[in-house]
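Here is a short briefing on two spots in a predicted model. Keep the sequence and the 3D view open while you read.

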Amino acid sequence: MKQLLNNLLFSKKALAVFTAFSAVSALFFYSVRYGYVFVDNALYSGFSLGLFVFVVLSAVCLLILLNLKVRQKFPISEKMMNAVALVCEALSIIAFLYSVITLITDNFMSLSSAFYLGAEAFPVWSLVVGVAFFAFVFPLIKKNAVRKAVCVITAVVLIFVTYASVFPVTPYRFTSGPVVFDNGQEYAVVFSTNDAGTGYIEYEYQGETVRLYDESDGRKNGSSMIHTVTVPKAQLSENTYKVGSTRVIDELGYGGRNGKTIESENVAFNDSFGENIDVLTVSDWHTKNERAKAASANLGDYQALILLGDCAPSLMSQKDVADYILEFASDLTQGSMPVLYVRGNHETRGREASNLSSYLGFDHFYYTASLGSYDFIVLDSCEDKEDSHPEYGGMVNYENYRRDMVEWLDTLEETSNHTIALCHAKEICREPELSQQALEKLDALNVSLLASGHEHILEFEEGGNFPTLIDGGVDSVGAGSYAASILRISPSGIQMESADENGEILLNETVSWR
């Protein structure tokens, strides 16, 4: 038994395996650091960072122990060396399990964030591991064939990395089709590509070909994978358009280098509504695009889409925006109908959260819009905790933002059109006085329905001055489920119908206009 444990934990091969494992474990642990705050809140501030430092040190210790073991040099007793090795191996296992548990606890919804953070750290990690390998391990390799193989592999990798740093290695393509967001003033046509490039929309208007670019003050934007072009509503209404993009390989102070230009098929856009409009509403899909699309398919045809927020746990990269907002909305609309977007509390988190409004073509996430003769008041509840909460890392000022929003809401006047309000959280604001003020104003504006999400339940509430639909979302009718809804709007009122992926009708309610 003793010999078996020695072979599994303290032999040369065991130390080599654990050294490699500890290096991978350190990268994995660093990649899930978005979860540090939850553990640190439960234990003490700085626990996770301290553990990470010890994990890195354990990898260094294992590398040194491996080198000493192969060279048969023992500056301390072998028993003591084995004890140090055991502690270091245990730390690497703990870090790996910590990382796995972090992903499992989140139902793997933050996997994209882990990939992004891991990819960001990978070049530095590779450099450190490579230098350590050639400094401490390569000299220990005795077989010439193995040494030559390592050198050949390293040379191939370096050649590829050098080439990839100068020339693109993947074909340029769209990663989402176009989505037409109605920001209340104009249409923002948004799509994404797999690399940075310029973007444009092209269509015919009054007998002429119009091409509008994603640009700022006359200069095309070429540094983003998300392309946003604003179009006057009158020019896109009932029109056909296509989008295109040119890859930007190198943008310089003088000149530059561009790559391939790609274009979409023509898209027929329809925003001419009669008295009856069917509007799909989806909320809280949290990266589960396929579940949400399956539930939506069971509700029949629709002429517009409302996104009620919470596409992912956070927005750490442009890819999160592209995958969980743009690709999702494009799959549901094919770019052929207007989309009203409501920001969820999870879209207020992450590095790209502050860029989301510019990506989607909004000045603010509170605005008014119309579908035909029906008005919508779109509000932004932002986050559901105080600004000082550790989850926000000192990066938010939402209380003042909500105060500005309620002041704006107070300036609205009642129209002759029937009105629906949209907000991610039914309370509108987490501050009780602001919430009451906002709800009273909506009542004064004769709102007939508030559609919301956030709570991951499917409910229809009739208390208060107007009814509220809490629009399901992921796990809203049991683990692994998804519920979506459709608003069948007509002159007599609003019929609400909700269904899950299996086609079961979960809710069917009707409200009359006030």
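**Strand β16 and its partners**

- Thr419 stands opposite Val447 in β16.
- The strand that pairs with β16 here is β15, residues 418-422. The two run parallel and are joined by 4 bridges.
- Helix α13, residues 432-444, belongs with these strands. Together, β15, α13 and β16 form a β-α-β unit, and the unit is right-handed.
- Strand β18, residues 468-471, also pairs with β16. This pairing is parallel too, over 3 bridges.
- In β18, Ile470 is the residue opposite Ser452.

**Burial of β16**

- How many of the residues of strand β16 are buried? The count is 6 of the 6, across residues 447-452.
- The strand is therefore largely enclosed by the rest of the structure.

**Glu202 in strand β2**

- Glu202 sits in strand β2, which spans residues 187-205.
- Is Glu202 buried or exposed? Its relative accessible area is 18%. Buried means under 20%, so Glu202 counts as buried.
- The side chains of Glu202 and Arg211 make a polar contact of 2.8 Å.
- Beyond its neighbours within four places in sequence, Glu202 is in contact with Thr209, Val210 and Arg211, and also with Thr240, Tyr241 and Lys242.

Conventions. Residues are numbered from 1 along each chain as its sequence is written. This is a predicted model: local features need pLDDT of at least 70, side-chain atom pairs count only at pLDDT 80 or more; totals for chains, interfaces and linings use all residues. Side-chain values use heavy atoms; hydrogens and water are left out. Buried means under 20% relative accessible area, exposed over 50%, partly exposed in between (1.4 Å probe, protein chains only). A polar contact is a pair of N or O atoms within 3.5 Å; within protein, one must be able to donate a hydrogen and the other to accept it, and residues adjacent in sequence count only if both atoms are side-chain atoms. Contact means heavy atoms within 4.5 Å. Two strands pair if DSSP finds at least two bridges between them. A crossover is right-handed if, with the strands pointing away from the viewer, the path from the first strand over the helix to the second runs clockwise.
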